[in-house]
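Keep the model open in your viewer and have the selection panel ready. The stops below go from one selection to the next, with a note on what is there.

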Amino acid sequence: MNPKLPYVLLVGAAVIIFILSCMLLSRGRRSPSCESQPRIVEKTGSMSTSLVFADLTPEEMVQVVRYLQANLGVQLVDASRAKPSDNCIASVDVQVPGKAEVLRFLDGGGAQPSREALAVLYFGNQPDPNITEYVVGPLPTPAYHRDVTVQKYGGKVPYHRRPMLGSEYKQVGAFLEMIAFAAAPTFLKEVFEYDGTNVAFQTTAPHGFQSGDRKSWFIVFQNVSGFFVHPVGLEVLVDHSSLDISRWAVSRVFYNGQYYRDMVQLESAYVQGRVSVEKVRKAPWDGDFSSMKPRAPSAALFPLQYEPQGPRYSVRNNLVLFQAWSFAFGMSVSTGLRLFDIRHKGERVAYEISVQEALSVYGSNCPGGMSTRYMDGSFGIGRYTSPLVRGVDCPYSATYVDTHTLSETLSPSKRKASLCIFEQNLGSPLRRHYSNLQSLYYGGLVNSALVVRSIATMGNHDYIWDFIFYQNGAIEGKVQATGYPSSSFLHGDGLRYGNRVWEHTLGTIRTHLFNYKVDLDVGGVKNSLVAHDMAFEMTRAPWSPEQQIERPRLTKKVLDTEDQAAFRLQSKMPRYIYFAANSKNKWGHQRGYRLQITSFAGDHLPEASSMERAISWARYQLAVTRRKEEEPTSTSIYNQNDPWTPTVAFADFINNETITNEACEITAALWLCSAWDLVAWITAGFLHIPHSEDIPNTVTVGNSVGFLLRPYNYYDLDPSIYSHDGVFFTSEQDFTACEINPIACLPKTASCLPNFPLFTYDGF
């Protein structure tokens, strides 16, 4: 044996131990934490100017309430405890100043408009009960109020049109439990094992068949998690039209396909054995099949998004700055998320983009389901905006914003983290090209966009509202639907109205329609509306006249009137419709922004329906009208409870008014038209036929609709070419060098651990 061999082996072992130790130490060492870099604020105007659109602060809300209590000369009861015969404040929201006044302030150096609030009051304790709207100002120290009801609606708003308060729902619930159900103790005990706590109610709307009605079907479910898909077959029609609760009464009862005069008749028929009973298996408290609890344990963590050098956007009060974009945001109590003064590269492209309404029309062979037409703005899309869960509802590292509302109470309510803002790498290029002809190169741009999001939970449905800002100057408005499907008790010919999704549960067919207001200001306030499309034309090949060629050509038309600019929901619409400026780009074309709609809408309610005018905005996938201060919204919160005499009928907005003043001057590539301030009303939607995969919850995949606003000859070339995120290298360059290709530097620039805040949630 070689005497040196043991030493060689010892030295070799020591080297191996050293290498392994280094590897273990390096693996155990944490990567450095990502550092937040100072946010670059581009000079797009004073941040303070955005406050002209800002939501009311809690302090301002309190001052408005105190002012109304002291100056109206009537007793105001807290709406959370109010009876129908009381006076109360239903809501307080910001009164956005008129557009002309705001633009004088923003663009013309005019005075800042007075800050005001809009207060909606229910006056039930008066000889002539009514709904009154007051503008209160100036804030923060109110000194005046003026009644604007007649000015806005052309007359007083009758009291029966008022949206139901939470207190009224509680009062109806108490009436059902203490009075109506007391008339059928045997039936309830033996069929449902009713104990006073094990049922839940869901209301329907509208409330009746004619103006003045306030009769609501209340559908009975098992009171378990996800009760929306646990119907028991019982529905009760309550007449709660009287302001005297003691005069409320049951008008009709439905059970398992049969109608009864009231609960007394149902009890009598049951005792006599004349009721066809279908017992429903009692569900556990977690709902069993309707439980949202995962059926699988946690495993490997899902992918996360983070910002290695901190956010590349900034949020100051209600102002957002992102690359070339700036805009103000707000949250309306009734309509939810809205944006103002949207600018790209410092130039305003839209004055307002806002949600207007969410409508769902149901079908069923049960009375509650077949009579339901929910207009969610009446309930309050902004009011029911829900707190967001980090990492699920929005990326974990998003910026979360609290919102405040004053609705059905005398005190403001805070919804923590109910709006989120984040930049998102969409995982695909915004544009790219790989060249393997002539020259060899690659050029591309990461599709990273800014998202502003809120989620409203409207009973069983959850609507995810997004506004998305792209680097090429495009804006997307999108809504995704999820939550529980509504259901009816399966009986008789129920399968004509949906699919069976559980033993006694019919997932009922419904249409979903969403309406937006888009006030584009392309190159200025005054725009015209132009349609471009295509048509094939036949021609002879100039080089071979005996041969024929079919070639597509461009068609052009200026839409002169509101009637021409109103496109029915299922009608054919020009593929390119754009708001055109009275200015040209470098190539002689009118600068424009194109409207592009993504929709899979079901059919609209027949116009012969007595309530159709209340939702007549849904007739149109797109309608462009002159902008008028007296036409601020496409609907009204009062339409839900009196659709037969709608407070606002959108159909009246379209009266064939001209949207170009004079005949347009036509040149080779340009229309020059005297134009108006125009606004687009966009409707997108989808038909939902619930199916077994909607249990326990409807997924967002495939249930997303909305619109895009895209530059159309607005710029001289794609503005995203100036993005700092571009990547370009040729075959002759060292594409591993950071100065050539920043993606090659990711191991250095992005090898850090994100500073995730601790998880918190204040939704309960």
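**Salt bridges between two domains**

Start at the boundary of domain 1 and domain 3, where the count is 4 salt bridges. This is a predicted model. To see one of these residue types in place, select K99 and D521: they form a salt bridge, and their closest N and O atoms are 3.1 Å apart.

Stay on the domain 1 side and colour α2 (58–71), β1 (87–95), α3 (99–107) and β3 (130–137); these elements each give two or more residues to the side that touches domain 3. Sorted by class, that side of domain 1 has 22 nonpolar, 5 polar and 6 charged residues. Now show polar contacts across the interface of domain 1 and domain 3: there are 11 residue pairs, with both residues at pLDDT 80 or more.

**The domains as a whole**

Zoom out and colour by domain. The domain assignment gives domain 1 as 47–153, domain 2 as 166–290, and domain 3 as 314–521 + 559–661 + 679–712. Between the centres of domain 1 and domain 3, taken over C-alpha atoms, the distance is 27 Å. Selecting the contact itself picks up 33 residues from domain 1 and 31 residues from domain 3.

How much area do domain 1 and domain 3 bury between them? The value is about 2700 Å², with 61% of it on carbon and sulfur atoms.

**Two spans from the UniProt record**

Select residues 72–144 next. UniProt, in an unreviewed entry, places the feature "domain: Copper amine oxidase N2-terminal" there. The end C-alpha atoms of residues 72–144 lie 11 Å apart, and the span is 12% helix and 36% strand.

Then select residues 162–257, where the unreviewed UniProt entry places "domain: Copper amine oxidase N3-terminal". Here the end C-alpha atoms lie 32 Å apart, and the span is 24% helix and 30% strand.

**Backbone details in loops**

Go to the loop between β6 (199–203) and β7 (215–222), which holds P206. Show the backbone from A205 to P206: the peptide bond is cis, with omega near 0°.

Move on to the loop between β34 (676–688) and β35 (704–712) and pick out P696. Which residue does a cis peptide bond join to P696? The partner is I695, and omega is about 5°.

For the last stop, select D288, in the loop between α7 (263–271) and β11 (313–316). Check the phi angle of D288: the value is near 60°, which is positive in a residue other than glycine.

Terms used. Residues are numbered from 1 along each chain as its sequence is written. This is a predicted model: local features need pLDDT of at least 70, side-chain atom pairs count only at pLDDT 80 or more; totals for chains, interfaces and linings use all residues. Side-chain values use heavy atoms; hydrogens and water are left out. Domain bounds come from an automatic or database domain assignment. Contact means heavy atoms within 4.5 Å. Buried area is the accessible area (1.4 Å probe) that two parts lose on being put together, summed over both. A salt bridge is a side-chain nitrogen of Lys or Arg within 4 Å of a carboxyl oxygen of Asp or Glu. A polar contact is a pair of N or O atoms within 3.5 Å; within protein, one must be able to donate a hydrogen and the other to accept it, and residues adjacent in sequence count only if both atoms are side-chain atoms. Helices (H or I, at least four residues) and strands (E, at least two) are DSSP runs, numbered from the N terminus. Ala, Val, Leu, Ile, Met, Phe, Trp, Tyr, Cys and Pro count as nonpolar, Asp, Glu, Lys and Arg as charged, and the others, Gly among them, as polar. UniProt positions are given in the numbering used here, feature names are shortened, and annotations may be inferred rather than shown by experiment.
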